[in-house]
Amino acid sequence: MHILVTGGAGYIGSHTCKMLHQKGFVPITYDNLSTGHKYLVQWGPLVEGDLRDQAKLSKTFAAYPIKAVIHFAAKALVGESMKNPLDYYSNNVLGTISLLEAMKRHEVPYIIFSSSCATYGHPMEVPITEDHPQKPISPYGMSKWMIEKVLLDMALKQQIYPGILRYFNAAGADSDLMTGEDHTPESHLIPNILLSILHKRPFYLFGRDFSTKDGTAVRDYIHVTDLAAAHILALQWILEKHTPLCVNLGTGEGFSVQQMIDLCRKITHKELEIIDSPRREGDPAILVASNQKALDCLKWTPQYSQLDNIVTSAWEWHKKKP
Ligand SMILES: NC(=O)c1ccc[n+]([C@@H]2O[C@H](COP(=O)([O-])OP(=O)(O)OC[C@H]3O[C@@H](n4cnc5c(N)ncnc54)[C@H](O)[C@@H]3O)[C@@H](O)[C@H]2O)c1
């Protein structure tokens with residue numbers, strides 16, 4: 001079964017392509033390589049193209065017998081979205097509408113969509129369940145929320161069968177080290193700590209005045225291989241049930257920035273210079289998922305998301321990364 005994977009040259013997309021291939025699917029990566037890399041596309045063909053290029057999309061749907069789409073492609077930096085909101089609405093919202101038009105034309109109604117905990121904004125309670133109000137506080141989060149609404153409206157008319165997956169913090173790397181996180185600039189916590197250690201440069205800690213136990217922000221880290229597995233289960237769900245799905249993907253446990261720094265020091269046996277800096281605009285104090293719905297509906301069990309495993313796999317990857 002051929003699956004179009006937009007953003008398959010990126011971090012989560014490449015791990016999912018590996019797993020799709022292992023399970024007997026053929027992943028066709030569609031990616032403009034704006035933040036992704038050719039070297040991460042190893043488990044199926046790469047079509048270099050932008051989501052907003054209708055002609056390229058049509059050609060791709062005509063060239064392969066595509067059954068479903070897993071849609072990762074997006075700009076995904078909260079801070080950048082605050083500075084350049086139009087880029088985010090153009091790339092993420094217009095890009096997805098262009099993809100949906102191509103899917104409609106080629107009669108492909110199944111889509112798994114990478115949404116985000118950023119759609120919840122500042123949570124009113126944690127753990128966050130799927131029915132928590134969605135009040136995004138950045139253009140990035142808003143772009144994801146808008147796409148969710150488009151998908152759900154189309155689903156009402158049975159024009160599309162969406163699986164909406166709201167990830168919390170993706171982290172870690174493939175256990176064979178064939179793929180991993182390679183972002184420039186890197187905005188995620190664990191790679192930033194590890195890269196600071198590796199390159200002996202200071203680490204900037206944004207905010208010690210949050211209302212958390214140690215004053216640093218708390219997040220829910222989910223191993224990227226567990227995320228990949230959830231995509232396959234969600235794909236099976238929409239193919240079989242023809243019912244829209246919307247689930248959080250996290251572990252249900254929160255860890256503070258300070259705890260992550262301590263763990264990275266312990267695992268790497270190295271020191272790290274910390275520079276305390278003010279909070280970043282739009283950073284909530286705590287984001288922790290309730291993952292009960294994903295556990296119940298998808299029978300998904302995170303297997304790789306123990307914190308030690310996340311940090312160790314990421315450390316091994318960053319030491320070896322090209
Ligand atoms: N990494 C996380 O912790 C996290 C958390 C929540 C949601 N997400 C979402 O998951 C998805 C994947 O995230 P990631 O960390 O792997 O990001 P990534 O930047 O590594 O991957 C995104 C890929 O999409 C491609 N792309 C972007 N815009 C495109 C366009 N217009 N046309 C074609 N290709 C395009 C990029 O080149 C890149 O390969 C994104 O949609 C992101 O918003 C990620």
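Colleague: Which residue in β6 does Ser-114 stand opposite?

Modeller: Leu-165. Keep in mind that this is a predicted model.

Colleague: And how do β5 and β6 pair, parallel or antiparallel?

Modeller: Parallel, over seven bridges. Strand β6 covers residues 161-167.

Colleague: What holds strands together like that, in general?

Modeller: Strands of a sheet pair through backbone hydrogen bonds, and the sense can be parallel or antiparallel.

Colleague: How many bridges link β4 and β5?

Modeller: Three, in the parallel sense. β4 runs over residues 66-71. Take Ile-70: its bridge partner in β5 is Ile-112.

Colleague: Is β5 mostly covered or mostly open?

Modeller: Mostly covered. Seven of its seven residues are buried.

Colleague: Which side chains go which way from β5?

Modeller: Tyr-110, Ile-112, Ser-114 and Ser-116 point one way. Ile-111, Phe-113 and Ser-115 point the other way. Residues on both sides are buried.

Colleague: OK, on to the ligand. How many residues surround it?

Modeller: 30. The closest are Asp-31, Thr-35, Phe-72, Tyr-140 and His-183.

Colleague: What is His-183 up against?

Modeller: An oxygen atom of the ligand. A polar side-chain atom of His-183 sits 2.7 Å from that oxygen.

Colleague: Which side chains lie by ligand nitrogen atoms?

Modeller: Asn-91 is one of them, with a side-chain N or O atom 2.8 Å from a ligand nitrogen. Asp-50 is another: a polar atom of its side chain is 3.3 Å from a nitrogen atom of the ligand.

Colleague: How much of the ligand does the protein bury?

Modeller: 96% of the 830 Å² that the ligand exposes when taken alone.

Colleague: Which elements give two or more residues to that shell?

Modeller: α1 (11-22), β5 (110-116), α5 (139-156) and β7 (169-171). The largest share comes from β5, with three residues. That is the strand with seven of seven residues buried.

Colleague: Switching topic. Where is Asp-174?

Modeller: In the loop between β7 and α6, the latter being residues 189-198.

Colleague: Why does Asp-174 count as buried?

Modeller: Because its relative accessible area is 4%, and buried means under 20%.

Colleague: What does Asp-174 touch?

Modeller: His-15, Lys-18, Thr-179 and Thr-225, leaving aside residues up to four places away in sequence.

Colleague: How about Ala-62, buried or exposed?

Modeller: Exposed, because its relative accessibility is 61% and the cut-off for exposed is over 50%. Ala-62 lies in helix α2, residues 54-63.

Colleague: How far is Ala-62 from His-106?

Modeller: Their C-alpha atoms are separated by 7.8 Å. Along the chain, the two are 44 residues apart.

Colleague: Last thing. In what order do the strands of the β12-β9-β14 sheet's open arrangement pair, and in what sense?

Modeller: The order is β12-β9-β14, three strands in an open sheet with mixed pairing. β12 (255-256) and β14 (286-287) are at the edges with a single partner strand each, so one side of each has no neighbour in the sheet.

Colleague: How do β9 and β14 pair?

Modeller: In the parallel sense, over two bridges. β9 is residues 218-219. Val-218 has Ile-286 in β14 as its bridge partner.

Notes: Residues numbered from 1 in each chain as written. Predicted model: local features only at pLDDT ≥ 70, side-chain atom pairs only at ≥ 80, totals over all residues. Heavy atoms only, no water. Near = heavy atom within 4 Å. Polar contact = N/O pair within 3.5 Å; in protein donor to acceptor, adjacent residues only side chain to side chain. Areas by Shrake-Rupley, 256 points an atom, 1.4 Å probe, with all protein chains shown as cover. Helix = DSSP H or I, 4+ residues; strand = E, 2+ residues; numbered from the N terminus. Buried < 20%, exposed > 50% of the residue type's maximum accessible area, 1.4 Å probe, protein only. Contact = heavy atoms within 4.5 Å. Pairing = 2+ DSSP bridges.
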